[in-house]
Amino acid sequence: MTVTAYKWTIERYHRAIEAGIFDDQPLELLRGDLIVMPPEREPHAYYNTEAADYLRTLLGERVKIRDAKPITLPNDSEPAPDVAIVKPLGEIYLKHHPYPEDIFWVIEFANATLNKDLGDKKEIYAEAGINEYWVVDLKNYQLKVFRDLKNQQYTTELTLTTGTISPLAFPDISIQVERLIGVSKKHQKI
């Protein structure tokens with residue numbers, strides 16, 4: 001006997017949400033698979049909120065910062081990245097979540113989900129054509145930056161613990177790495 005998992009399309013997933021089938025269970029759709037999102041612990045929630053607020057002050061009205069809101073990707077994926085920096089398209093987002101062409105870059109904060117964020121999610125974002133992907137590794141207090149897409153894969157990987165970085169879409173903006181990964185590291189318990 002062959003076991004085959006049911007694969008969801010974005011359309012079926014949206015219909016199931018509208019019908020209330022998931023009872024507000026926090027889910028992501030990744031390559032047609034429903035993934036239950038683990039609850040956020042305090043450090044994850046703190047750094048996520050602080051980073052989103054920091055980016056809002058740096059980028060202002062040039063972007064829309066979406067915290068843990070879905071983005072719609074062509075590979076039957078609808079993840080909810082911790083922070084998505086997207087075009088400020090206003091009411092268009094009443095009709096659909098941001099598509100890859102609307103997204104400047106995404107950021108995930110990872111502790112328990114580090115393997116998924118550096119594996120499946122990185123591949124899904126690259127396949128979808130998202131030009132830049134950052135993972136804040138809360139275990140090791142470092143920022144992983146993935147850039148330079150070629151053949152649906154990121155060809156550049158940077159690991160930063162200090163200094164500044166400019167996102168590809170906004171080379172005039174300098175982001176302090178410590179503001180994303182936390183300054184008082186030795187006192188944090190994740």
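Predicted model: local features only at pLDDT ≥ 70, side-chain atom pairs only at ≥ 80, totals over all residues.
Tutor: Contact here means heavy atoms within 4.5 Å.

Student: What does the secondary structure of the chain come to?

Tutor: Five helices and ten strands.

Student: How does the radius of gyration of the chain stand against a compact globule?

Tutor: The two agree, because a compact globule of 190 residues would have a radius near 16 Å, and the chain has 17 Å. Along the principal axes, the C-alpha atoms fill a box of roughly 50 × 35 × 35 Å. Of the 190 residues, 45% are buried. Take the contacts with a separation of 6 or more: 52% of them join residues 24 or more positions apart.

Student: What about the surface and the charges of the chain?

Tutor: The accessible surface comes to about 10400 Å², and carbon and sulfur atoms hold 50% of it. The chain has 23 positive and 29 negative charges. Their mean positions lie 3 Å apart.

Student: Which residues have the most contacts inside the largest nonpolar core?

Tutor: The general idea comes before the case. In soluble globular proteins, nonpolar side chains tend to be buried together. Here the largest nonpolar core has 27 residues. Leu55, Ile85, Trp105, Ile107, Trp134, Leu143 and Ile175 have the most contacts inside it. At least two core residues come from each of helix 2, strand 4 (83-86), strand 5 (103-110), strand 6 (133-137), strand 7 (142-150) and helix 5 (177-181). Helix 2 gives the largest share, six residues.

Student: Which residues does Ile85 touch?

Tutor: Leave out residues up to four places away in sequence. Ile85 then touches Leu55, Leu59, Val63, Lys64, Ile65, Ile103, Phe104, Trp105 and Ile107. There is also a second, separate core of 19 residues, which includes Ala84, Tyr93, Tyr125 and Ile130.

Student: Is Tyr47 buried or exposed?

Tutor: Tyr47 has a relative accessible area of 4%, so it is buried. Tyr47 lies in helix 2 (residues 42-59). Compare sequence with space: Tyr47 and Ile181 are 134 residues apart in sequence, but their C-alpha atoms are 7.3 Å apart.

Student: Which residues of helix 4 are buried?

Tutor: Start with helix geometry. An α-helix has 3.6 residues a turn, so residues three or four places apart point the same way. In helix 4 (residues 120-128), the buried residues are Lys121, Ile124, Tyr125, Ala126 and Ala128.

Student: What do the buried residues of helix 4 pack against?

Tutor: Their partners are strand 1 (27-30), strand 5, helix 3 (114-118), strand 6, strand 7 and strand 8 (153-160). Gly129 follows helix 4 and has a positive phi, near 90°.

Student: What is the phi of Tyr141, which is not a glycine?

Tutor: The background first. Most residues other than glycine have a negative phi. Tyr141 has a positive one, about 50°. Tyr141 lies in the loop between strand 6 and strand 7. The cut-off for buried is under 20%. Tyr141 counts as buried because its relative accessibility is 12%.

Student: And what is the phi of Gln152?

Tutor: Gln152 also has a positive phi, near 60°, and is not a glycine. Gln152 sits in the loop between strand 7 and strand 8.

Student: Is Gln152 buried or exposed?

Tutor: Exposed means over 50% relative accessible area. Gln152 has 52%, so it is exposed.

Note on methods: Residues numbered from 1 in each chain as written. Heavy atoms only, no water. Helix = DSSP H or I, 4+ residues; strand = E, 2+ residues; numbered from the N terminus. Buried < 20%, exposed > 50% of the residue type's maximum accessible area, 1.4 Å probe, protein only. Rg over C-alpha atoms; globule rule 2.2 N^0.38 Å. Areas by Shrake-Rupley, 256 points an atom, 1.4 Å probe, with all protein chains shown as cover. Lys, Arg positive; Asp, Glu negative; His and termini not counted. Charge placed at Lys NZ, Arg CZ, Asp CG, Glu CD. Core = buried A, V, L, I, M, F, W, Y, C linked by side-chain atoms within 4.5 Å.
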